[in-house]
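User: I would like to learn how to read a structure like this one. Please take me through some of its features.

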Amino acid sequence: MKAVTRRTFLGGAAATAVGVAGGPWVLRAHAQSGPLKVGLVLPYTGAYAVLGESITQGMELVFARENWTVAGRKIEMIKEDDEMKPPVGIRKTEKLIDSDKVDILTGPVHSGILLGMRDKVHASKTILIVSNAGADDISRAKCSKWIFRTSFSNWQPNWPMGPWVAKHVSKEVFVTAPNYQAGKDQLGAFKESFLASGGRVIGEDYPKLGETDYAPYLTKIKQSGAKAVYAFFSGTDAVGFVRQFDEFGLKQSVKLTGAGFLVEPDVLPAQGKAALGIISGHFYTPLLDNPTNVRFVKDFREKFGGKMPDGFACQGYDTAESIVRAVKATNGNTQDKEKLVAVLEKTEFESPRGQFRFDPKTHNVIQPYIYVREVKEVAGGLNNVPIDKVADVKDPGTGCTLPA
Amino acid sequence: MPALLAPALLTIDALTRTFGALSALAGVSLTLEARERRAVIGPNGAGKTTLFNVITGQLPPSGGRIVFDGRPITGLPPHAVARRGVSRSFQRTNLFPRLSVLENLRLSAAAGAGGSYNLFGRVERVTAPLARARETGAAVGLAERLDTAAGQLSYGEQRQLEVGVALATRPKLLLLDEPTAGMSPEETQRMTRMLEGLPRDVTLLIIEHDMDVVASLADRVTVLHYGEVLTEGTFDEVKRDPRVYEVYLGSE
Amino acid sequence: MGREPGRARLPPSDRVPVVSDVFAQALNGLAYGVLLFLLSVGLTLIFGMLDIVNLAHGSYYMLGAYAGVTVLMMTESFWLALVVAPVAVGVVGAVVERLCLRPLYRRGPLDQVLLTFGLIYLFEDLVKWIWGGRIRSIPAPALLTTSVNVLGATVPSYRVFVIVFGLAVAVALWLLVEKTRLGAVIRAGVFDSEMAAGMGIPIDRVFTGVFAFGAGLAGLSGVIAGPIQSAAPSIGATILIPALIVVVVGGLGSLKGSLVGSLIIGQAETFGKAWLPGASMLMIYAVMALILMLRPQGLFGRPLK
Amino acid sequence: MARALGLALVVAAVLAFPLSVGPYPVKLVQEILIWGIFAMSLDLLMGYAGMVSFGHSAFFGIGAYTAALLLPKWPGLLSALGAPALAAALGALAIGFFSIRVGGVYFIMLTLAFSQMFFALTFQNAFLGAEDGITSVPRPLVFGVRISSLGAFHLYLITIVGAAALLLHRIVRSPFGHVLRGIHDNEERMQAVGYPVGRYKLLAFVIAGTVAGVAGSLYTQFVGSISPDAFLWTTSGEALLMVIIGGTGTLNGAWLGAAAFILLQSLVSSYTERWMLILGLTFVLFVLFAPGGIVGALRGRVGVRS
């Protein structure tokens, strides 16, 4: 190791630091005039980087189709890694708004970052298109005229599953989700409609977020005698829960149902056979047979080396599609924010998930369908096969007045 | 000879300390008059350093009592014992290697002087400890080396500083644990002359192997053997006692 | 396969825990406790033997999981992965010890702890670069995918295997360290390296060997935990805190302490999840705080100076 | 030399980024100032008292949450600085009381575990906003003026951070500071010459915790929201990185370490996803080759920890 003398090492470190520090401001300064700047606040490191990449790829597919220009303006995508940490996400948002002066902001994945940046976005009248975070508040008490959402509110995928599970699966259900806000939102929506359809919640449990050993909870479920479980888990939690659910032999006597995230493609491969037969509700599955989705799946797999698109990629696609159509409608003018909002409110197009529309009352996407899907072995391996659907699912939007 | 009426400065009564089965101190009793200079001798493992560690509170005793200057100090933590006026030097040099000689001495001098919780004053302006530090530095023959880091001193100089740091706290009783260990003959000479030159109001209790040093310094000698006091008396009395030879020769 | 008949039962919330419920949860606690032991034993060994707090312990666990995934992709054999992965991680540990830790031995424990802290960032991003961020998993071996009925409680057979395997590792390590000549050589080498070097023991190789062995143990636990948990770049950081707490509670450097500490925490956490759902995240810290107040050096740790 | 370096740096921070450069670079400097003072408070512990704490985020978090809870109701300086400092001081007294009894590696473990306990508590506490924490925290009113504008906050921040830095510099030169250095060099001898070492270590722990609490509350005001991550062990780890890269036992090294970390995290990450790898490698190389950190290297004592 002595070969690296101290002088050369420190000299090198100092040089890179100066080079790096000077870099970005010089680059940004003179590219003010023409391009349409789209900011992305997404996780590109850590466990949720997979979601950040899927959403970004969905957007790139659309922009590439428009060969990166809309209404004569070159599209410039500025990606910022929020590391799933609210302070970092907020700092990067301020950079995109104040320093890069982006025309349209998109992201984030983490609801905490969304709630953290909401005031800054609202105050600076920057148009934000939420491409994932599902915090219900953003389409209710904390909605804003400048904030649209193409992904979902936590309420939407779960509410339709209440009646469906009561009717088709069982009236005695054990519900469980991680002990954090999104978990409570999602189960709350399910319970609201499930109880209304005559169902009975015979057990409820909230393991900690990032739990690794679900054995005690699974033993409680077995002992409760419930016929079915409705669960919301995502990421490594979803992998752990589904695999241990199977390991404990619960699949014979208890039917596992839940929100779509439980078995989305970011976790399904790792779950493997343990996920077979799981029923979940979501606004998208790659197996939808509408023509837009067929082309979307084909183009996506071609562009990204056979990778199967998932709900997150569809959210990216719809975000980019909304931007392209809105900017075309104002033929490139993004300074007049009022006009841009008006146009966005009326944006309507064929999305892989069906007919895409924003709810004028909440600027939240109206889900054309929430599909009820079951995990089955199909040609390309395990996938979520649609077996039923509920149309036009709109978030109740209680308390939203779209303040300017 | 010390005044008969003056109360004993240090009284140790049946002091014991065991490490599991081994009893390092098996009931040591010893009385030290003010202004007296006592040497403690005995073969290795006789319990000399353990005795020091128990007196200064580094090691809690298993039994017995210690009274210093009329008040019990048995089991007090080291810093409380030091505050009572008992100071010690260590057998293995135990200084502040990265700090200067002056700072080593100043820290020790400032210990009892209070004001060390002062968060805002400038340390240079607190003059008393600085003066004491320079004075002690000169006393131990390190006047020209005050700005050198203690770690850079020669072995002999470090032993001098070892005594200096113990002296800087203005102790009533100074415990010296083999102050001349590992020194060359004329370094030992210089250390002995320096210790003799110390003011009489500092009572000395010295652990020493070098009999010439014991002869020239100690008024009385206590011989420890297997954690017990074998005998006690002036250097000549002890020298003539056959058991002392047996103990030294037998166990060498 | 599972012969557990569906039984009508009162809703769980308002009935007294029946004996078989308690037994089932105790079994879960035992399985989780033994897994915690496997996760932390490498950390204890390295500290006990080398006085190094290896904060990058979680990274070696993660590397073990990913090595297991890779071996499984190539050979479809869990058992081969169980052997190859720890060896591979051990080699990585040896390289790290030789290149990074050795120059620091004369500089004391602080620098070593800080170095291992830097390695956490390094390994996490390296793994993401090589294997990508996708969540992967290690399927349980074919013969251990069923669930078994033990005195009325259903437990996955893989968890029974983990209990048996974990306790076997504990006994083997105890024998190795306490009873074999190699163990004596290692302990001598660490206790007084100058003396041992003087007696002809190749100290450098002993230290590298022990560190590699500790890292290999962490890699082994990565493969063992594979079928229960999943392999993602974040799992290294996730298991570091529980492993540290088990080691601190059991007593730094004490093998026995690590086993007892992990069994206690395994039961406490499982008890918390089963009957005190709100407090499940706090149980591990409550146990730790309680024990450290009473015995700062932990249950079986060397007494402090 | 260190004092001159420190003053020059602070002045440069004010002048080099006039507000015309645009808000983002100024915000980077503000974040560097906040993380710098947080790291400097850790350096008082590590560099001077020789107490390596892995739980310094506990006080950063306490200060941050106290400000987040109080500012919406009483936006005065008391809830922006006074209460957070006091809350952090009490937290440091409690954690310190138990942690000081042990040293070295046990101290590292205990402080790490305590900060994680606070993380678990806030993560599951609904009143504190659980995992999303508390959002939309208003800026304080200083002499009746709400300092929401960039320039006003910049001035407010520099005054407070500058004052805290000067306080730490004074403490380090005071008799108390010298006692800390003595304890760092040889705790046993300090005890033997008459210093009740435990009390000094606890006082140093409380002072460092208080300054960390102020840094935490400034962070809440700067970002406008706070999440349980403030307590996470990675926050303590980042402060540790800054102290080591800057140079332990120099106080002003914290500015350089904070600048290096923030620039690396903010700028390099826009260029490459591999910024964590670069950060880890930089840190490892510094521990191996430049234990004195940047300041140590500048002073030519690259090999010896100052």
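Analyst: Start with how helix angles are taken: axes are lines fitted to C-alpha atoms, for helices over the stretch in contact, and angles run from 0 to 180 degrees between N-to-C directions. Helices (H or I, at least four residues) and strands (E, at least two) are DSSP runs, numbered from the N terminus. This is a predicted model, in which local features need pLDDT of at least 70, side-chain atom pairs count only at pLDDT 80 or more, and totals for chains, interfaces and linings use all residues. Residues are numbered from 1 along each chain as its sequence is written, and chains are lettered from A and ligands numbered from 1 in the order in which they are written.

User: At what angle do H4(C) and H12(D) pack?

Analyst: The angle is about 160°, and the axes of H4(C) and helix H12 (residues 275-289) of chain D are 7 Å apart. Angles under 35 degrees count as roughly parallel, over 145 as roughly antiparallel, 65 to 115 as roughly perpendicular and the rest as oblique. H4(C) and H12(D) are therefore roughly antiparallel to each other. A crossing is left-handed if the near helix is turned anticlockwise from the far one by less than a right angle, and right-handed if clockwise; that of H4(C) and H12(D) is left-handed.

User: Which residues make the contact between H4(C) and H12(D)?

Analyst: Two residues are in contact if their C-beta atoms, placed from the backbone, lie within 7 Å. From H4(C) the residues include Leu114(C), Gly118(C) and Leu122(C), and from H12(D) they include Leu277(D), Gly280(D) and Val284(D). For classes, Ala, Val, Leu, Ile, Met, Phe, Trp, Tyr, Cys and Pro count as nonpolar, Asp, Glu, Lys and Arg as charged, and the others, Gly among them, as polar. By that scheme this helix contact has 13 nonpolar, 2 polar and 3 charged residues.

User: How many residues do chain C and chain D each give to their contact?

Analyst: Chain C gives 33 residues and chain D gives 32 residues. On the side of chain C that touches chain D, H4(C) supplies the largest share, 15 residues. That side of chain C has 28 nonpolar, 2 polar and 3 charged residues.

User: Which chains share the most contacts?

Analyst: Of the 4 pairs of chains in contact, that is chains A and C. Here 40 residues of chain C meet 38 residues of chain A. H1(C) gives the largest share of the chain C side, 6 residues, and that side divides into 19 nonpolar, 14 polar and 7 charged. By contrast, chain A and chain B have no contact, and their closest C-alpha atoms lie 24 Å apart. Chain B and chain C do not touch either, with nearest C-alpha atoms 11 Å apart.

User: What is the order of strands in the open sheet of chain B?

Analyst: Strands of a sheet pair through backbone hydrogen bonds, either parallel or antiparallel. Two strands pair if DSSP finds at least two bridges between them. The open sheet of 4 strands in chain B has the order E2-E1-E4-E5, with antiparallel pairing. Strand E2 (22-33) and strand E5 (71-72) of chain B are at the edges with a single partner strand each, so one side of each has no neighbour in the sheet. Strand E1 (residues 8-19) of chain B is joined to E2(B) by 9 bridges, and Phe19(B) has Leu22(B) as its bridge partner. Helix H1 (residues 48-55) of chain B lies across E1, E2 and strand E4 (63-68), at about 70° to E2(B).
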